[in-house]
Structures are given as structure tokens and as C-alpha cells.
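Look at the structure, then read on.

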Amino acid sequence: MQLQTQLKALAEKIGKLKDQITTEESTKHAFVLPFINALGYDTFNPIEVVPEFTADIGLKKGEKVDYAIFQDGQPILIIECKSWKEKLDAHNSQLIRYFHASKTRFALLTNGIEYRFYTDLEATNKMDEKPFLEFDITTLKEGTVHEITKFHKSNFDVEKIVDNASALKYTKELKKLILAELQSPSLPFVKLFAGKVHTGRLTEKVSGEFTDLVGRAFTQTLSDKVNDRLNAALNKEAEQQQEEVPEPQERSKVVTTEEELEGFRIVVAILRRKLPVARIAHRDTQSYFGILLDDNNRKPLCRLHLNGRKKYLGVFEKDKSETKHAIESIDSIYEFTEALLQTVEDYEED
């Protein structure tokens with residue numbers, strides 16, 4: 001897909017250049033205009049892409065939005081840009097005013113890295129407070145690219161995008177709620193499930209016990225699903241390798257055990273709350289089984305020490321020092337969920 005290739009190239013460019021980009025104006029030229037170009041719009045055509053588009057409201061004159069994309073003489077998307085160093089949360093109200101004045105159906109707020117698309121699902125010609133599409137261009141998923149494609153010049157259809165926007169917006173909000181419940185189950189959520197399996201009264205003590213049980217049950221269910229997918233992928237890879245005739249080679253001293261792979265799947269099930277599965281990799285060594293972020297040795301997520309008489313899980317502090325914890329079995333890895341998620345947060349903050 002050409003758009004996906006262009007967006008990936010832009011993401012790589014951002015990673016290389018952002019530390020040299022110091023102003024809002026340079027953010028526009030280095031990051032935002034290439035994004036508009038990727039959508040098929042000619043940024044050098046002032047009829048198609050209008051910079052400093054006037055969006056006056058009532059007696060308030062001189063209001064200008066950074067860019068407006070036109071189609072058939074009408075604005076179809078207004079774009080407000082900020083420096084890549086700025087947080088976007090404080091600029092919604094400004095964009096709401098521009099949206100009302102421009103009579104467009106779509107607005108984009110961006111700092112060149114984060115992108116938030118808005119429309120008027122809740123009230124006609126009044127921009128919703130929450131975006132229906134939100135993404136970080138440096139960590140795009142295939143499904144998000146599919147949604148961005150709908151804004152491409154060759155595909156743009158107002159009604160189709162608006163019809164889909166409602167599902168996108170509420171699905172995003174529901175996913176946030178589900179994730180919050182998985183991390184810390186609320187009392188109504190616990191009672192919903194406890195009431196279906198517990199025959200007695202749901203006293204405060206019983207509800208407290210079920211809070212832990214419900215959280216654990218959902219975590220293990222997700223783990224099982226991930227395991228099933230990983231097993232299917234590993235089996236397929238093994239079948240493909242059997243079909244090939246391998247070259248004779250020296251026997252490796254590193255032997256990856258099924259227990260290590262099972263431990264890896266458990267860690268994936270925990271970390272996928274904060275990371276795409278594709279960013280979690282493993283490398284086996286003679287002394288430990290390492291699990292890494294982005295397959296980078298400088299970004300260890302944890303280590304499994306399972307080959308000795310005693311088993312250990314090695315977790316990492318912010319200074320990347322390893323602390324070994326004795327575990328009875330690989331199921332004990334679930335007990336270190338918070339520590340593993342904290343390691344991810346530490347890397348995201350860097």
C-alpha cells in the first residue's frame with residue numbers, strides 16, 4: 001500500500017529530525033505538510049490546500065486556521081498545527097471555534113506526531129469534544145492506516161467517513177473502559193461476573209475476594225488467546241522449516257525449551273496491554289532467556305532463568321539493573337504484572 005509506505009517513511013524521518021525541529025513553523029513544514037501530501041493533496045496548489053485559512057466568528061476577526069483542504073470549492077478538512085513538543089489537550093477549544101466558522105465536517109488537530117480527527121456526531125456544525133480517530137504516526141497499526149486511507153483525495157467521501165466515525169469513536173472509548181477494568185476491576189464489573197457464579201450474598205468481603213479472581217480470570221483468558229495464536233504461528237513456522245532441507249551446521253549450545261516459550265507467551269499477554277505484540281521479542285542465551293522491547297538488547301523487558309534447579313524472573317529497574325525474583329513456576333510471572341508494565345512505562349518516558 002503506497003500510503004502505508006509513505007507514512008512509514010515519514011515516521012522514520014520524524015525520529016531522525018525531531019530534535020532539530022524547534023518551532024511550530026518548522027513542525028508544519030517538516031512533518032505536517034508531508035502528511036497532507038501523502039493524502040494526495042497538492043500543498044503547492046492554493047486552491048486545494050489553503051494556508052492561514054480565515055475562520056472569523058461574529059465580531060471576532062482575524063481568526064485563522066493553519067490549513068484548510070478544499071474540494072469542489074468547499075473546505076472539507078481544517079487543520080490546526082502545534083509544535084511537536086506541545087501537548088494537544090489544551091487546544092481543543094480553539095479548534096472548536098474554527099470548526100463552527102468554517103462549516104466543514106472534519107477537523108484535525110496535530111503536532112506532527114499525534115493526530116486527532118474530529119467531526120460533529122453529537123450536534124450538527126458543533127465539533128465533538130472527543131476525536132473519533134486518534135493515533136501516533138510513529139506507532140501506526142495496519143487498522144489505523146486503513147482509516148487514514150479514507151481521507152485520501154482519491155477516496156474521500158463525507159458520508160462514508162461520518163457513518164464510520166461513530167463506530168470508531170465509541171469503539172475507542174469502550175476499549176479504554178475495558179482496559180481500565182482489566183487493570184483495576186470496578187465493583188459493578190466484579191458484581192456482574194461474581195453474581196453469575198456465586199450463589200450466596202455478595203457481601204463486601206466476598207466482593208473483595210472476587211475483585212482479584214475476576215482480574216486474574218480475564219488476564220488468564222487473554223493469555224490463553226495469545227498462546228493459541230502464538231502456538232499456531234510457531235506450528236506453522238515449524239511445518240515450513242520441515243519442508244525445507246536444512247544445511248548441515250554445528251549444533252548450537254543454546255536450546256530453547258517449551259517452558260521458556262510458554263513463559264514468553266505469558267509475558268506477551270501481560271505487556272500487550274501497553275505494547276503491540278510485534279514490539280515484544282525474545283533472544284535465548286546459554287545463561288538466560290531474554291525478552292526485549294523492539295528486539296533491542298539495550299531495552300530488556302525481563303529475563304527468564306529457568307534452566308537451573310531454581311527458577312527466577314529477572315525484572316528491570318529504571319536504571320536497567322536486574323533484580324531476580326524466585327518463582328515456583330512460570331504461572332508465578334502473573335504476580336509481577338505491575339513491575340513488568342512499569343518497565344514499559346519507564347522506556348516510554350525516555
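Glu-25 is partly exposed, at 43% relative accessible area. Here buried means under 20% relative accessible area, exposed over 50%, and partly exposed in between (1.4 Å probe, protein chains only). Accessible areas come from the Shrake-Rupley method with a 1.4 Å probe, and for residues only the protein chains shown count as cover. Lys-28, with 4%, is buried. Glu-25 and Lys-28 form a salt bridge, with the closest N and O atoms 3.4 Å apart. The term stands for a side-chain nitrogen of Lys or Arg within 4 Å of a carboxyl oxygen of Asp or Glu. Both residues sit in helix α2 (residues 24-38), 3 residues apart, or about one turn of the helix. Helices (H or I, at least four residues) and strands (E, at least two) are DSSP runs, numbered from the N terminus.

The model is predicted: local features need pLDDT of at least 70, side-chain atom pairs count only at pLDDT 80 or more, and totals for chains, interfaces and linings use all residues. Residues are numbered from 1 along each chain as its sequence is written, and side-chain values use heavy atoms, leaving out hydrogens and water.

**Overall make-up**

The protein chain has 9 helices and 11 strands. Its C-alpha atoms fill a box of roughly 75 × 65 × 40 Å along the principal axes. Of its 350 residues, 41% are buried.

**Salt bridges**

The whole structure holds 24 salt bridges. Side chains of opposite charge can pair when their charged atoms come close. Three of these pairs are listed below.

| Pair | Closest N to O distance |
|---|---|
| Glu-25 and Lys-28 | 3.4 Å |
| Lys-172 and Glu-173 | 3.4 Å |

What does the pair of Lys-130 and Glu-173 tie together? Lys-130 lies in the loop between β5 (114-118) and β6, and Glu-173 in helix α5 (residues 158-183), so the pair ties together parts that are 43 residues apart in sequence. Lys-130 is partly exposed at 45%. Glu-173 is buried at 18%. Lys-172, the other partner of Glu-173 in the table, is buried as well. Lys-130, Lys-172 and Glu-173 belong to a salt-bridge network that also takes in Asp-89, Glu-114, Arg-116 and Glu-134.

**Surface charge**

Lys-141, Lys-175, Lys-225, Arg-229 and Arg-272 gather in a patch of positive charge on the surface. Such patches are made of residues with over 30% relative accessible area and no salt bridge, with like charges joined within 9 Å. Lys-141 lies in the loop between β6 (133-136) and α4 (142-149).

**Cysteines**

How many disulfides are there? The count is 0, taking a disulfide as a pair of cysteine sulfur atoms within 2.5 Å. Cys-81 is buried at 0% relative accessibility. Cys-302 is also buried, at 0%.

**Backbone angles**

Most residues other than glycine have a negative phi. Asn-125 has a positive phi of about 65°. Asn-125 is in the loop between β5 and β6 and counts as buried, at 16% relative accessibility. Lys-320 also has a positive phi, near 70°. Lys-320 is in the loop between β10 (311-316) and β11 (322-327). At 39%, Lys-320 is partly exposed.

Methods: Patch = residues over 30% accessible without salt bridge, like charges linked within 9 Å, V, L, I, M, F, W, Y side chains within 5 Å. Lys, Arg positive; Asp, Glu negative; His and termini not counted. Charge placed at Lys NZ, Arg CZ, Asp CG, Glu CD.
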